[in-house]
Amino acid sequence: MATMRERSTKPMYDIWSWFYNWTFGALVRSRQRRAVQQLPFKPGDRILDLGVGTGLTLKHYPTDVTVIGMDLSHGMISKAKVMCQQRGYDHIKLVRGDGMYPPFAENSFDHIIMCHTVTVVSDPARLLNWAAKIVKPGGRIVLANHFRSTNPIMGFFEKFTNPFWVKIGWRSDVALEDVLKGVDLHFEYHFKHRFMDLWQIVCLTNQKSVTPTQQATDGQSENNNQHQPNQPMLA
Ligand SMILES: C[S@@+](CC[C@H](N)C(=O)[O-])C[C@H]1O[C@@H](n2cnc3c(N)ncnc32)[C@H](O)[C@@H]1O
């Protein structure tokens with residue numbers, strides 16, 4: 001099975017950094033804004049933007065929160081640094097680091113966001129398990145990502161073409177329910193920014209008391225940031 005490896009991902013995204021903003025980045029901008037909007041900010045919150053890339057999400061954060069942007073690729077994060085300097089974003093700190101080897105202590109963040117990162121790392125479930133540890137109890141974890149379609153024909157196509165996508169920087173064969181299996185996070189809701197969109201926005205919380213019963217299905221509607229206590233946890 002073709003999969004991602006941090007050793008090759010890093011140089012690949014160093015190259016991507018030169019044209020990311022006007023290629024893939026241009027495709028996903030409105031989804032990034034929508035994903036950031038799912039974070040229930042309070043003044044003084046600490047947010048982790050994991051796999052921050054060239055920093056396209058950063059303009060959407062209010063200035064009264066502290067954002068830590070972390071990325072594996074020197075090239076990507078250098079672009080983000082330049083942008084933050086140019087715009088005078090003092091509330092944003094950028095660090096280079098590998099999401100597979102967390103440099104943060106438990107309960108370090110109020111909320112975490114990962115835009116197009118889950119299918120780029122070598123072990124998506126490990127990434128989410130780590131996120132569950134470092135987000136505070138009740139904190140939200142927002143994912144914006146492509147996940148393998150539940151439509152059998154589309155799903156087969158995405159699995160079949162996966163080796164090609166891996167060569168250019170991401171996996172197309174990762175199913176949402178597989179990623180969330182065994183991850184101790186409460187599934188709140190997920191939705192597509194546009195009808196028939198390839199990407200979806202998924203909201204999870206660190207609410208470990210909820211019973212795991214049901215799996216996510218495509219098309220569940222957005223709930224305007226409201227936590228749904230009776231929603232199932234994916235496990
Ligand atoms: C498709 S880009 C998304 C960038 C940004 N979040 C966005 O939406 O524009 C994926 C990013 O994840 C980073 N990445 C890949 N593996 C990583 C890891 N193990 N730890 C941290 N960042 C990683 C890549 O360097 C790249 O910048």
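Two strands are taken to pair if DSSP finds at least two bridges between them. In this structure, which is a predicted model, strands β6 and β7 meet that condition, since five bridges join them and they run antiparallel. Within this pairing, Phe191 has Ile201 in β7 as its bridge partner. Strand β6 covers residues 186–191, and because six of its six residues are buried, β6 is largely enclosed by the rest of the structure.

**Parallel strands around β2**

Strand β2 is joined to β1 by five bridges, and these two strands run parallel. The path from β2 to β3 passes through helix α3, which spans residues 74–87, and the three elements together make a right-handed β-α-β unit.

**Helix α4 and its surroundings**

Which residues of helix α4 are buried? In this helix, made of residues 124–134, they are Pro124, Leu127, Leu128, Trp130, Ala131, Ala132 and Ile134. These buried residues pack against several strands, namely β1 (46–50), β2 (66–71), β4 (109–115), β5 (135–146) and β7 (199–205), and also against α7 (176–180).

**Salt bridges**

The structure holds six salt bridges, and three of them are set out below.

| Pair | N to O distance |
|---|---|
| Lys10 and Asp14 | 3.7 Å |
| Lys136 and Asp110 | 3.2 Å |
| Lys181 and Asp178 | 3.1 Å |

The side chains of Lys10 and Asp14 meet in a salt bridge, and the two residues are four residues apart in helix α1 (residues 6–16), so they are separated by about one helical turn. An α-helix has 3.6 residues a turn, so residues three or four places apart point the same way. Lys10 is partly exposed, with a relative accessible area of 27%.

How many residues apart are Lys136 and Asp110, the pair that links distant parts of the chain? Lys136 lies in strand β5 and Asp110 in strand β4, and they are 26 residues apart. Lys136 counts as partly exposed because its relative accessibility is 31%, whereas Asp110, at 13%, counts as buried, the cut-off for buried being under 20%.

In the salt bridge between Lys181 and Asp178, Lys181 is partly exposed, with a relative accessible area of 43%, and Asp178 is likewise partly exposed, with a value of 39%.

**A nonpolar patch on the surface**

Turning to the surface, Met154, Phe157 and Leu198 form a nonpolar patch, and together they have about 270 Å² of accessible area. One of these residues, Phe157, lies in helix α5, which consists of residues 152–160. Is Phe157 buried, partly exposed or exposed? At 47% relative accessibility Phe157 counts as partly exposed, because the term exposed is kept for values over 50%.

Technical notes. Residues are numbered from 1 along each chain as its sequence is written. This is a predicted model: local features need pLDDT of at least 70, side-chain atom pairs count only at pLDDT 80 or more; totals for chains, interfaces and linings use all residues. Side-chain values use heavy atoms; hydrogens and water are left out. Buried means under 20% relative accessible area, exposed over 50%, partly exposed in between (1.4 Å probe, protein chains only). Contact means heavy atoms within 4.5 Å. A crossover is right-handed if, with the strands pointing away from the viewer, the path from the first strand over the helix to the second runs clockwise. Patches are made of residues with over 30% relative accessible area and no salt bridge: like charges are joined within 9 Å, nonpolar side chains (Val, Leu, Ile, Met, Phe, Trp, Tyr) within 5 Å. Accessible areas come from the Shrake-Rupley method with a 1.4 Å probe; for residues, only the protein chains shown count as cover. A salt bridge is a side-chain nitrogen of Lys or Arg within 4 Å of a carboxyl oxygen of Asp or Glu.
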